[in-house]
Amino acid sequence: WDLCHRRLLPESTLQVGTTLARVLLSLGRLAEAAEVVRECRAVGRRVSAVTPMRAFGVTLAWSLEASTGSWRTAVDGLRAAAQEEDNPHFRLQAHLERATTVSRLDPDGGGGEVRDCVAAALDDAATAGCRRCLSETILRCAQGLARVGSPEEARELAARTSVNAADEYLQFWAAWTGATIQLAAGDLAAAGTLQDVVDLGQRQGLRLESLWARLDLAAALLGADRDRALEVLTGVCADAERMGAATELQVAGRLLRGQGVRAWRRGGRATGPDQLGALTAREREVARLVATGASNPEIAAAVFVSRRTVEHHVSNVLAKLGLRNRAELTALVAGEHSATQSGP
């Protein structure tokens with residue numbers, strides 16, 4: 001990446017940059033990945049002969065959006081990217097990311113959309129003629145089917161491929177897909193398999209993917225070892241916050257709330273009357289502005305940041321405090337203010 005910059009090689013900058021951003025994404029270094037994606041897009045706009053809409057560039061911006069912003073906006077973006085891309089080898093990535101996102105975040109209502117993506121991805125993978133891409137497509141599509149309640153169909157699809165033992169990344173996906181199918185089928189051994197998957201992902205540096213594998217592990221543990229499940233979820237919250245992965249933080253927070261844990265704090269659950277103490281200084285400022293009835297644009301103007309940044313702060317605040325909406329946040333802030341006024 002640095003060499004491409006020094007030598008002013010725009011096409012190589014795009015090719016290397018999209019690969020670098022994808023690696024940073026898996027490492028959980030989301031802010032750095034976003035910066036590389038922004039630079040790739042800027043280069044693509046300046047050099048009309050080349051385009052960043054190749055390889056991972058088809059999906060990168062939307063993969064980041066799915067974790068750091070609105071996952072529904074990401075799904076819409078991936079749908080549009082697939083419509084704009086005419087190369088099946090690259091287009092299938094948009095189908096895969098869309099199937100993955102919807103199956104994780106809307107498994108009950110998104111079954112039809114996931115199936116459409118699975119069919120399109122498998123068709124593109126077959127047309128592209130790349131054996132490795134076909135293997136990855138089969139595994140990820142099978143996982144999507146398992147998440148939307150079709151474990152037997154997923155098992156049959158996954159059986160259509162074998163993975164080279166030297167390909168560690170595909171070995172990770174094969175293990176994770178198998179564990180997801182176990183979980184969907186109600187297999188009690190799923191927790192042990194998922195722990196192995198988490199360990200494998202961590203060894204490979206797949207930290208963002210491992211957040212989702214850990215969420216699966218927590219779901220598998222809830223019925224048999226609640227304390228361990230809560231420990232896993234609390235760890236996911238801490239790591240998701242550090243990465244800036246707002247969506248993953250919200251999912252983990254929602255699972256904790258379902259177990260009666262209303263808030264969490266790095267290294268343990270948030271306790272005591274000052275629940276806002278779990279927030280950063282900027283998040284507390286945003287929370288108090290929300291409580292005044294200020295809109296996101298008004299908050300952005302007040303604290304000199306973008307609207308998107310305000311959206312991220314509000315999402316993080318709600319997730320950290322275990323709240324569902326702005327009204328609950330307003331009530332909490334008002335309650336803390338009253339407690340402060342009536343204190344010694």
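## Cys117 and the other cysteines

Let's start with Cys117, which is buried in this predicted model, with a relative accessibility of 1%. Which cysteine sulfur is closest to that of Cys117? The sulfur belongs to Cys141 and sits 8.5 Å away, which is too far for a bond.

A pair has to come within 2.5 Å to count as a disulfide. Cys133 is buried too, with a relative accessible area of 14%. Searching the whole structure for disulfides gives a total of zero.

## Around His95

Cys117 turns up again among the contacts of His95, a residue of helix α6, which spans residues 88-105. Is His95 buried or exposed? His95 is buried, because its relative accessible area is 10%, and the cut-off for buried is under 20%.

If you set aside the neighbours within four places in sequence, His95 touches Ala82, Cys117, Ala120, Ala121 and Asp124.

## An aromatic cluster in the model

How many aromatic pairs are there? The count comes to three. One of them joins Phe172 and Trp173: the ring centres are 6.3 Å apart and the planes meet at 80°, so this pair is edge-to-face. Both partners are buried, Phe172 at 0% relative accessibility and Trp173 with a relative accessible area of 3%.

Trp173 also pairs with Trp176. Here the centres lie 4.9 Å apart and the planes are at 35°, so the arrangement is tilted. The two tryptophans are about one helical turn apart, because three residues separate their positions in helix α10 (residues 168-184). Like Trp173, Trp176 is buried. Together, Phe172, Trp173 and Trp176 make up one aromatic cluster.

## The buried side of helix α15

Now for helix α15, which covers residues 281-291. Which of its residues are buried? They are Glu283, Val286, Ala287 and Val290. These residues lie on the same side of α15, because the arc they cover around the axis is only 105°.

Just past the end of α15 comes Gly293, whose phi is positive, at about 95°.

Definitions and conventions:
Residues numbered from 1 in each chain as written. Predicted model: local features only at pLDDT ≥ 70, side-chain atom pairs only at ≥ 80, totals over all residues. Heavy atoms only, no water. Buried < 20%, exposed > 50% of the residue type's maximum accessible area, 1.4 Å probe, protein only. Helix = DSSP H or I, 4+ residues; strand = E, 2+ residues; numbered from the N terminus. Arc of directions from axis to C-beta. Contact = heavy atoms within 4.5 Å. Phe/Tyr/Trp six-rings, centres within 6.5 Å; stacked < 30°, edge-to-face > 60°.
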